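This report goes through one protein model part by part. Please keep the sequence and the structure in view while reading.

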Amino acid sequence: MIRQASTVYNKWTNNEIFYYFDKNFPLKKRDLVEKALSILEEVTCARFKQNSTSKNRIRVFQGNGEQELSLGQGCHSIGTIQHEFLHAIGIWHEHMRSDRDDYLTVDLSDVSPSKQYNFDKLNERVSQNFIDFDYASVMHYPPAVFTTNNTVSMYTISREFQFTIGMKQLAFSDIYKINQFLNCTGIEFYLIDCPIVSVARIKVFPNL
Ligand SMILES: [Zn+2]
């Protein structure tokens, strides 16, 4: 699935996203998925519920193909899991934004024609940009993605961010985008119950 913040797909009712694990999905990896989703729940109003019978639901399985939530073998991280679930909410890829040419130079010379659609730009009719482009977005692909010789397919116009793209970590801009997209208002999602304040006491030694 390829989306930034979609304007053309139906949203989940009450921001409740139902999913279930296919029986082929390894038990030991389910914890990682649940951890990735619990982090998203801490910072957004998306609520992920395991339910295999709900009318709308996501099947989480291992493998490729199908327009469902497929987590490839061997490359599971909190960030890649979150990336895929953000697609399921309706968030598109960062490098496909309508304004991405202001931030990236895309070089398709080493990308086979059958993969070039991964670099299509989404117009504003199908995708809404809630916040400025962010090289650090979890929805951004890495520099050498889909090339045949591991050459670079995306050059960042701000050169210092060349190795920031494809970091596979949730960025502030992702959290902001999700909450705008899901119409989460107020700050209650950030008030995490944590009564004990941590303090760092730093001793300063004079330069003798
Ligand atoms: Zn993706």
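## Terms and basis

A residue is called buried when its relative accessible area is under 20%, exposed when it is over 50%, and partly exposed in between, using a 1.4 Å probe and protein chains only. Helices (H or I, at least four residues) and strands (E, at least two) are DSSP runs numbered from the N terminus.

The model is predicted, so local features need pLDDT of at least 70 and side-chain atom pairs count only at pLDDT 80 or more, while totals for chains, interfaces and linings use all residues. Residues are numbered from 1 along each chain as its sequence is written, and side-chain values use heavy atoms, with hydrogens and water left out.

## The zinc site

Which residues coordinate the zinc ion? The donors are His 83, His 87 and His 93, each through its NE2 atom, at 2.0 to 2.1 Å. A donor here is an N, O or S atom within 2.8 Å of the metal (3.2 Å for Na, K and Ca); water is not among the atoms, so a site may look incomplete. The spacing of the donor residues in sequence is H-x3-H-x5-H. Within this set, His 83 in helix 2 (residues 78-89) and His 93 in the loop between helix 2 and strand 5 (104-106) are 10 residues apart, and the pair links distant parts of the chain.

His 87 is also placed in helix 2. Its relative accessible area is 2%, so His 87 counts as buried. His 93 has a value of 1% and is therefore buried, and His 83 is buried as well. The side chains of His 93 and His 83 make a polar contact at 3.1 Å. A polar contact is a pair of N or O atoms within 3.5 Å; within protein, one must be able to donate a hydrogen and the other to accept it, and residues adjacent in sequence count only if both atoms are side-chain atoms.

The UniProt record, an unreviewed entry, lists His 83, His 87 and His 93 under "binding site". UniProt positions are given in the numbering used here, feature names are shortened, and annotations may be inferred rather than shown by experiment.

## Salt bridges

How many salt bridges does the structure hold? There are 8, a salt bridge being a side-chain nitrogen of Lys or Arg within 4 Å of a carboxyl oxygen of Asp or Glu. One of them joins Glu 16 and Lys 49, whose closest N and O atoms are 2.8 Å apart. Glu 16 lies in strand 1 (residues 16-21) and Lys 49 in strand 2 (residues 47-50), so this pair ties together parts that are 33 residues apart in sequence. Glu 16 is partly exposed, with a relative accessibility of 24%, and Lys 49 is partly exposed at 35%.

Another salt bridge is formed by the side chains of Arg 100 and Asp 101, with an N to O distance of 2.8 Å. Arg 100 is buried at 7% relative accessibility, whereas Asp 101 is partly exposed at 37%. Lys 177 and Asp 174 also form a salt bridge, with their closest N and O atoms 3.6 Å apart. Both residues lie in helix 3 (residues 172-181), 3 residues apart, or about one turn of the helix. Lys 177 and Asp 174 are both buried. They belong to a network of salt bridges that links Glu 94, Arg 97, Asp 99, Asp 174 and Lys 177.

Strand 3 (residues 58-62) is mostly covered, with 5 of its 5 residues buried. Both faces are covered: Ile 58, Val 60 and Gln 62 are on one side, and Arg 59 and Phe 61 are on the other.

Strand 3 pairs with strand 1 in the parallel sense over 3 bridges. Two strands pair if DSSP finds at least two bridges between them. Ile 58 in strand 3 has Tyr 19 standing opposite.

## Positive phi angles

Most residues other than glycine have a negative phi. Phe 146 has a positive phi, near 65°, and is not a glycine. Phe 146 is found in the loop between strand 5 and strand 6 (154-156), and is partly exposed at 28% relative accessibility.

Asn 183 is another residue with a positive phi that is not a glycine, at about 55°. Asn 183 lies in the segment after helix 3. Its relative accessible area is 58%, so Asn 183 counts as exposed.
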